[in-house]
Each structure stands twice: as structure tokens, then as C-alpha cells.
Amino acid sequence: MLRVKDIPVRVGRLGLVAGLLVALAAGCAEPPGPSPEQQAIFAQEVDQELVVPAVKNAMSFAVGEIVAPAGATVRLVMDNTETTSPAMVHNVVVVETERAVERVGQAAATAPDNIPDDDAILAYTPLARPGQRTAVVFTMPPPGRYPFICTYPGHFRFMQGTLVSTIPDV
Ligand SMILES: [Cu+2]
């Protein structure tokens, strides 16, 4: 027989369980939010924003070339928001020369956050997990063509593009 005094307890427990389930569902559906540091980078005023989207669940950048004038302050964005596969973590790492691509790409596999200590790295975004965007703000280097790669282990041979720095209009 159900006693009246049991009812609030049962409702209370059910409420707690429901609350936990909601919290768990939210935790699974949402990627971790941007860090305060990343929020500040996204809020920063820049001359130009250069967005490099990743192709959904693929080891591929959706753009091959990004262009801005030398000396401009740019925000470089890795946009991994289309992706759902947990293996498809990406970044954008700009290096000085074509020769540096192989060296940096290989060293990155075992480096902390996949960023080796190498002078040829001009700029890099943090790793973007599925559903995330990450960014870095930097000053465009002298006019020229600079390779960019994803240094997540195994990706750099497939994920390559070019940052083109143009002569600024005077
Ligand atoms: Cu990648």
C-alpha cells in the first residue's frame, strides 16, 4: 500500500534523476565552450578574418587558398562546426616555407597540443574538436606564399593549403 508520506520522496528522487539526465544529454550534445582566451581572440578587432572550414567528417580543408595583405591584422579561424566524427580534430598551422611542411607535420605528432617547437611556424590555431571553432590573431607576414597544414596526427599530408600575403594598396 502506498503511504501518503512516501509521495514527496518519490517525486523528489524522480526530479533528481530527470535533472541528471538533462545534464548528461546537454553534456553529450554540446562541445565544450570556448575558453576565455579564445573568447577574447574572437572578440578582437581585426582588419580581416580568414576562415578555413573543415569538410564535414573528412581529412580535408574546404578552402585551398586564403588571401590578405602583408601587415594586416588577421584572425585565422579553424571552423570545424560541420564535423561530428570524434576522430576529426583539426587546426590550422601556417609555416614559412614548403620545406618546413614535412618537418613540422612529423614533429607535431608527438608534440604537446600537436604544436612542435619550430621557428618555421608563423601562426597556429588551437585544435578544434568536432563542433568547435578556434582562432588566432596575427600580423600578415611579408608578401609571399605560405603553406598551411593541419598538424593533428596523420592529417598534414591531406590537409594543406596556402596563405597568400599580397602587396598592400598604398
Ligand atoms: Cu586535421
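Predicted model: local features only at pLDDT ≥ 70, side-chain atom pairs only at ≥ 80, totals over all residues.
Residue numbers start from 1 along each chain as its sequence is written.

**Overall layout**
- The chain has 3 helices and 8 strands; these are DSSP runs numbered from the N terminus, with helices being H or I of at least four residues and strands E of at least two.
- Along the sequence, the pattern goes α-α-β-β-β-β-α-β-β-β-β.
- Of the contacts with a separation of 6 or more, 72% link residues 24 or more positions apart (a contact means C-beta atoms, placed from the backbone, within 7 Å).
- Out of 170 residues, 28% count as buried, as in 20 or more other C-beta atoms within 10 Å of a residue's own, with the C-beta atoms placed from the backbone.

**The S1-S3-S6 sheet**
- Three strands make an open sheet in the order S1-S3-S6, with mixed pairing (strands pair if DSSP finds at least two bridges between them).
- S1 and strand S6 (133–139) are the edge strands, each pairing on one side only.
- The twist averages 20 degrees from one strand to the next; axes are lines fitted to C-alpha atoms, for helices over the stretch in contact, and angles run from 0 to 180 degrees between N-to-C directions.
- Helix H2 (residues 36–43) packs on this sheet, touching S3 and S6, and its direction makes about 60 degrees with that of S6.
- S1 and S3 run parallel over 6 bridges.

**The S2-S8-S7-S4-S5 sheet**
- Here 5 strands form an open sheet in the order S2-S8-S7-S4-S5, again with mixed pairing.
- The edges are S2 and strand S5 (121–124), each pairing on one side only.
- Twist averages 25 degrees from strand to strand.
- S4 and S5 pair antiparallel over 3 bridges, and Val93 has Tyr124 in S5 as its bridge partner.
- H3 lies across S4, S5, S7 and strand S8 (160–166), at about 140 degrees to S4.

**Nonpolar core**
- The largest nonpolar core has 31 residues, and those with the most contacts inside it include Leu50, Val93 and Phe148 (a core is a set of buried Ala, Val, Leu, Ile, Met, Phe, Trp, Tyr and Cys residues joined through C-beta atoms within 7 Å).
- Elements giving it two or more residues include strand S1 (48–53), strand S3 (73–79) and helix H3 (99–108), and S3 gives the most, with 4 residues.
- Leaving out residues up to four places away in sequence, Val93 touches Val104, Ile121, Tyr124, Phe148, Ile149 and Thr151.

Key: Buried ≥ 20, exposed ≤ 12 C-beta atoms within 10 Å, placed from the backbone. Contact = placed C-beta atoms within 7 Å.
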